[in-house]
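Subject: Structure handover

Hello,

Please find the structure below. My notes on it follow, grouped by region.

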Amino acid sequence: MFSKSKKGKQKFIACTEKNKKFEFINPKELYIKRGKENIPIEIVSDKQGFVYIVWKKRKYQVEIIEKNQNQYEILVNGVSYSISVESPFSYKRRKYLAKNKEQSKVERIQAPMPGKIVEFLVEKDQVVKEGEPLLILEAMKMQNEIVSNIQGKINKINFNPEDTVMKDDILIEVER
Amino acid sequence: MKKIKSILIANRGEIAIRISETAKKMGIKTYGIKTSKEPGAYYLQFMDKIIDFTEIVSDIPEFLDIDRIIYAAKEYDIDAVHPGYGYLAENPYFAQKCNDEKIIFIGPSPDSIYKLGNKTIAKQLAASHKVPLLQGSNGNIRDYKHAKQLAQKIGYPVILKAASGGGGRGMRIVEKESDIEKMFRMAQNEAEKAFADPSVFMEKYVRNPRHIEFQILADHHDNIIHLGERECSIQRKHQKLIEESPSVALNEELRAKMGKSAIDIAKASNYRNAGTVEFLLDESGNFYFMEMNTRIQVEHPVTEMVTGYDLVEWQIRIAQDETLTIRQEDVKLKGWAIECRINAEDVQAGFTPYLGTIEKISYSKGKTCRFDSGITEGSNVTASFDSMLAKLICYGETREKAITNTLTALNKLQIQGIKTTIPFCKAVLNHHKFKSGDISTSFIAKDMKKLYYQEEDEEMIAAFWAALNYNVELETEDQTYVDYEKGKNMTPWLMNKRLKSL
């Protein structure tokens, strides 16, 4: 996938959730390019084993909290970033797929955490607005409202009240 | 009453550890409860003796199982039970059961717990002792004339709320009399549409209220004092997240006035032991009684830091019938203390609980910094328990210094393996309005544009770390290398080794 070019330069494109992209040529050479300047990066750890990136005299604690193939969830000083790492080729494919996804009619609402369904606030065929609560999911003694991220019509409800669900289970499908 | 020689701590996590530390200091033997949901829990390491609750299977959660807790206390001949907060702390039946079985319940009498736990009775108590209350319609409004009449009595601004409503829907704030008819009809219409019920009631509207609470100590010999206030205005959906003592909103005069009201409520309910009276405070210094909590509270350490008294120690001493030796005039609030709650929550995903394992934790402790924690390396954060893991409490001679010390400590506090509210706490402490003390219970919703603190270039650093790890992973794929940790636990040593071998 990452074929080496003539000069042995390998380009990695790291995309954020909001499709902001960062390009790195040969990251293993440990520098980040700023303008025309290559600013070196240092990787250090403390005696407890926390890992830090030192760049421009600043120290950042880094941690991979979740990973699935080229999809990373990285914590930097406790704040998380979803990053997908692409080659120039796979980046093009990703853009193409993203374009097609927008045309997909059904939005699947997944469980953000494992828990128990308390109640559904909507019924099948009901029209919902963006941000409207769909159901209440209980975890850690807290009741969490799961909201619709699009405007549309309820297509399918996959569970019943009192059901226990796992993380990422598809709870409700909303049709655009 | 006899001296307490042993205590059964009917709780878990940081508060169980907190109680055990004071008990140890007083030479009291501590008993902890081991549960099947958390058999290797950190708090158990702090107990002198562990009572195993894992063998009997029951539908009732261990810390709510009154009969089993009482039975255990009898079986091991334990003198007293400390309920901590939550669970059975405010259950009058449990307190009564302890009394019946001659076990000392470290807390108020069952009667006080019952009266103050019942909102109607608590408000009646307050009213009969001239403690200010939020006025309301006490039921639904008949028509706009009725609404007008009530609003005149309560005083503008008032708020109209749908009787069947909730979560901020169907509410209307009315500023002046000329608006009341129109607003009342609109509120009715809205309520009808949203909840299929047009019933509306009225309350006094408090603009930008602060949550101010007073710590009370009362013994069995008619001595009763307050230990000043705590400000807990930084809250989200009624969950407190950051607390401080004292409050910028109080001067000595208001402190004395509110303190007196707090003592009046406690006296009215014949209160014993430690308790907290909660008030809403408006912008002009008017305060209204909300409720009294009949337990030790999560945020009690900020009071301990500025007064120098150990509240759990006084709970135990009062329970064994000692006389309160602190007089009101002895209580001096010195300096400033701030508490940050460290919860296992994903701030970036609307504070949803975050489950996982604590892989590493590091923090600093010292004269100006206290870390009350219920977790250690290897602790599991599961859906069975509350998301609060620990509390960071920092002190400074002034509020400004306390904020600086808290930020320093927050930067040193690192937890690996799960997401926490640390970036949220940093965002609050760095906020100009928080720094100037200009806060209210709507601070998070109204004043915070961003709920987590981010430094320059962090996003790029994250992108780089992902790219580097992926780069290394791809190139090692060709070699005979099995990544059992799926690239999660990349240490610099391993990283450097792999980089060299490429």
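How many of the nine residues of H12(B) are buried? Eight of them are, so that helix is mostly covered. Please keep in mind throughout that this is a predicted model.

The buried residues of H12(B) are Ile422(B), Pro423(B), Phe424(B), Cys425(B), Lys426(B), Ala427(B), Val428(B) and Leu429(B). Their cover includes elements of both chains: S8 of chain A, and from chain B the strands S10 (224–236), S11 (239–245) and S14 (336–343) along with the helices H11 and H13 (432–435).

H11 of chain B spans residues 399–412, and H12 of chain B spans residues 422–430. Their axes come within 10 Å and cross at roughly 155°. An angle over 145 degrees counts as roughly antiparallel, and H11(B) and H12(B) are therefore roughly antiparallel to each other. The crossing of H11(B) past H12(B) is left-handed. On the H11(B) side the contact is made by Ile403(B), Thr406(B), Leu407(B) and Leu410(B), and on the H12(B) side by Ile422(B), Cys425(B), Lys426(B) and Leu429(B). By class, six residues of this contact are nonpolar, one is polar and one is charged.

H6 (residues 144–154) and H7 (residues 180–195) of chain B have axes that come within 9 Å and cross at roughly 120°. That makes H6(B) oblique to H7(B). Here the crossing is right-handed. H6(B) contributes Tyr144(B), Ala147(B), Lys148(B) and Ala151(B) to the contact, while H7(B) contributes Ile180(B), Glu181(B), Phe184(B) and Arg185(B). Five of the residues in the contact of H6(B) with H7(B) are nonpolar, none is polar and three are charged.

Helix H3, with two sides

Which residues of H3(B) are buried? In this helix, residues 92–100 of chain B, they are Phe94(B), Ala95(B) and Cys98(B). Looking down the axis of H3(B), the buried residues fall within an arc of 100°, so they line one face of the helix. Tyr93(B) and Asp100(B), on the other side of H3(B), are exposed. The buried residues of H3(B) are covered by chain B elements including helix H2 (66–75), strand S4 (80–82), strand S5 (104–105) and helix H4 (110–117). Just after H3(B) comes Lys102(B), which has a positive phi of about 60°.

Ser128 of chain B

Is Ser128(B) buried or exposed? Ser128(B) lies in helix H5 (residues 119–128) of chain B. It has 10 other C-beta atoms within 10 Å, and a residue counts as exposed at 12 or fewer, so Ser128(B) is exposed. The C-alpha atoms of Ser128(B) and Asn469(B) are separated by 68 Å, and these residues are 341 residues apart along the chain.

Where the chains meet

Chain A gives 44 residues to the contact between the chains, and chain B gives 45 residues. On the side of chain A that touches chain B, the elements giving two or more residues include strands S1 (11–16), S2 (21–25), S4 (37–45) and S13 (142–147) of chain A. S6(A) gives the most to this side, with six residues. By class, the side of chain A that touches chain B has 29 nonpolar, 11 polar and four charged residues.

Regards

Methods: Residues numbered from 1 in each chain as written. Chains lettered and ligands numbered in written order. Predicted model: local features only at pLDDT ≥ 70, side-chain atom pairs only at ≥ 80, totals over all residues. Axes fitted to C-alpha atoms, helices over the stretch in contact; angles between N-to-C directions. Helix = DSSP H or I, 4+ residues; strand = E, 2+ residues; numbered from the N terminus. Parallel < 35°, antiparallel > 145°, perpendicular 65-115°, else oblique. Left-handed = near helix turned anticlockwise from the far one by under 90°. Contact = placed C-beta atoms within 7 Å. Nonpolar A, V, L, I, M, F, W, Y, C, P; charged D, E, K, R; others polar. Buried ≥ 20, exposed ≤ 12 C-beta atoms within 10 Å, placed from the backbone. Arc of directions from axis to C-beta.
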